[in-house]
Structure formats: C-alpha cells, structure tokens
Amino acid sequence: MNKKALIAMSGGVDSSVAALLMQQQGYECIGCIMQLTDLPEEFRGSTDPVADARAVADTLGIPLKVLDLRKEFREIIIEDFIRCYRSARTPNPCIECNRCIKFGALLDYALSLGCDTLATGHYVCRQKDPETGLYMLKKASDPTKDQSYFLYSLTQEQLRHVEFPLSTYSKTKVRSLAEAHGLITARKSDSQDICFVPGGDYAAIIKANDDAPPLPGEVVDTSGRVLGTHKGLLHYTIGQRKGLGISAPEPLYVTGLEPETNRVILGSNEDLFRWECTVSRVTWALGSMPASDPATGYIRCMAKARYRHTEQPASLVPLGSDTFRLIFDEPVRALTPGQSAVFYKDDRVLGGGIID
C-alpha cells in the first residue's frame, strides 16, 4: 500500500511542485489549502489562491481539501501580532504560524486523515541522524531561498512527520518543473508580504482588527531632546528611516521604542549597533541544549537576528531554563525586540528564540 501524504498547498509554485515531487515518489497525495483569514476586499490579493491550488490539484489528479483555520489563526497569530505591535515589539508571525498552524493544526489534520507525512514547499532540509535517530533541520541547498530561519522551533515530533521535497532544488528548477508539467502556477510571482498583510501595511490591518486608537507621543533624540511628535508606536520599528516626519541635517533612524513613556527614540546609523541582546523562549532543534565550551560555559554558534541578516559568530550564555544572553563577536545592526534570533552550527539549525 502506498504511503499517504497531505500536501500543504498555497496556490503558489513551490507547494505545487512539492505536490508533484511527492506524487513522483509514489505517495498517495491529498492537497490541502488552509483558509486563514477573511480579509477586507482592499487587503486581498489579485489572484484566488484556492482556485490556483484547485487547478494544480486537478492537473495532478489529486483531491484538494480546504481546511478552515480562521478561528485558530485569529486567536494565535493575528491577536498576538496586534499585541506585539501595541507593546512596541516587531513580531515575526510566519514563525509562530509555522509552529502552531502549519505544523500544528494542519499536521494534526494530516494525521487524522491517516496520512504518514505532511509535505510543504519550504526550502529547507530535514535529515535523520543514523547514530541518534534524531531529526536534524538543515539549510536548503540554495542559500538564496533557505527558509530554515522560519522553522527553527519545530520539535522532534513535528519533524518526524514532515517532508520538504524542495530541499535540494533551486527556484529556477522549481519553475521549470512546474512549466514542464503544465502547472498553472509556473510563472506566478512570489509573495513578498505576510499573508494577512498584503502590501505590507500592517498598521492598517491592526486598525481593522483593533478598536483601540494609536496614542501619539514624543519623538526624542538619544539625549532625550524632543524632536517632534509620533503617530503611535505601532507605526515604527527599530532601524526604520522613512516616514519619521522629522527633518535633520543627517539621516535619522529609529533606535529605540519606549512603551512605558510612549516615546520614539531617533539616532544615527551608528547608534543602531549593539553587541548583545537577551533571547527568551529558546527551543532546541534536537530537543536539548547543545554542549557548551567547558572552559567558558558558553555555547558557540553562528546567529542570525533577522531573516535577511547575515549570520554572525556569537556566544550564548544561559540565564535561565529557556533564556540566554546572546553576545556577538562584533556589533550587529538593529537588534529588534519581537524578532527571532536563530542559532546555527555550519548548515544545521541548533535552535532559536525571541529577542527581548
């Protein structure tokens, strides 16, 4: 009997080719697209992802299911997104969605259907260590598409039931495969936005989902001198330069947000660089903390403080069971509360957590 796989389909080319590859590997495939939001019309994209996913499923001759997760997505992802911005943090909802929705509720659904695995179109590699039997999460072969940063929090139980068929593929190869097999998504452009914030206007989404008006406050420089007035902390993030509404002879950047005083702090680009930060809610890909240096007690790693950041050599100093002091060998620009810091050794994910 063939193994069964539920394919997480989004209406994009990556998940379409993931379905194709799983089918070619002999799996009995079931497509599934998640219904996550009821966006107002002005926030919707120009194409219908369900229609595109259905067209791909029809081409491959597999069934397509639509799983309604709107309630879970609102309670877990959107409400947390709003809370973070209201408290002057910059969240990464894709990480939480992967942990709780895609590899949580969707994986549970796959197993309830009797599927052996959940396959997705992520560019990341999962390998089983033959000596320990544990699953390692590693970078994809194509460094320009690697998405391991977004999946650092997956547990061993989740990794046991997932497949990432695009781990060794480039985007060019994925598109050529889609075109060769007549998939309607072959030339569909990639989404650059958070799925529920098309256009990147997160402030508009927050206003549409939260009645509390943003509170204006003072804009100050690093010495505390008042420069002007801001329109609410939710409109700002660390490192921001545009949309500040402050004229100055030199470029100014958001270097700090103070929810307790409702102030936005501006400084120079040099003021954005920090040596260290505190990281909480740390999880480890292998289920336990890696060995520390016996001489220092530190865990050496390469750390990435944002998805688009380059990894930097760093040390982790335990402060508690899941809280660490992350000290970089060189100062890092725009360490941002609410974003995730992800730790690597070579091409393997060690773990990660939330920057406080």
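Modeller: Two residues are in contact when heavy atoms of theirs lie within 4.5 Å. By that criterion Leu-233 touches Ala-88, Leu-215, Leu-257, Glu-258, Pro-259, Asn-262, Arg-263 and Val-264, leaving out residues up to four places away in sequence. The structure is a predicted model, in which local features need pLDDT of at least 70 and side-chain atom pairs count only at pLDDT 80 or more, while totals for chains, interfaces and linings use all residues. Residues are numbered from 1 along each chain as its sequence is written, and side-chain values use heavy atoms, with hydrogens and water left out.

Biologist: Why is Leu-233 called buried?

Modeller: Its relative accessible area is 9%. Buried means under 20%, exposed over 50% and partly exposed in between, with a 1.4 Å probe and protein chains only, so Leu-233 counts as buried. Leu-233 is placed in the loop between strand 9 and strand 10 (253–258); helices (H or I, at least four residues) and strands (E, at least two) are DSSP runs numbered from the N terminus. Between the C-alpha atoms of Leu-233 and Ser-141, which are 92 residues apart along the chain, the separation is 39 Å.

Biologist: How do you know that His-230 is buried?

Modeller: His-230 has a relative accessible area of 2%, and this value is under the limit of 20%, so His-230 is buried. The residue belongs to strand 9 (residues 226–230). Leaving aside neighbours within four places in sequence, His-230 is in contact with residues including Leu-215, Tyr-236, Asn-262 and Val-264.

Biologist: Why is the pair of Phe-103 and Phe-164 called edge-to-face?

Modeller: The ring centres are 6.1 Å apart and the planes stand at 65 degrees. Rings of Phe, Tyr and Trp (its six-membered ring) pair if their centres lie within 6.5 Å; planes under 30 degrees apart count as stacked, over 60 as edge-to-face and the rest as tilted. The pair is therefore edge-to-face. Phe-103 lies in helix 4 and Phe-164 in the loop between strand 7 (162–163) and helix 6 (171–180), so the pair ties together parts 61 residues apart in sequence. Both Phe-103 and Phe-164 are buried.

Biologist: What makes the aromatic pair of Tyr-149 and Tyr-307 tilted?

Modeller: The planes of Tyr-149 and Tyr-307 are 45 degrees apart, with 6.0 Å from centre to centre. Ring pairs link Tyr-149, Phe-150 and Tyr-307 into a cluster.

Biologist: How do you know that Lys-139 lies over the face of Tyr-344?

Modeller: Lys-139 is at 4.9 Å from the ring centre of Tyr-344. A charge sits over a ring if NZ of Lys or CZ of Arg is within 6 Å of the ring centre and within 35 degrees of the ring normal. Arg-333 is likewise over the face of Tyr-253, at 5.3 Å from the ring centre.

Biologist: How do you know that the span of helix 1 agrees with its 12 residues?

Modeller: The expected span is 1.5 Å times one less than the number of residues. For helix 1 (residues 13–24) this gives 16 Å, and the end C-alpha atoms are 16 Å apart, so the two agree.

Biologist: What makes helix 1 mostly covered?

Modeller: Of its 12 residues, 10 are buried, among them Val-13, Ala-18 and Met-22. The elements covering them include strand 1, strand 2, helix 2 (49–60), strand 4 (117–119), strand 7 and helix 6. Just after helix 1, Gly-26 has a positive phi of about 95 degrees.
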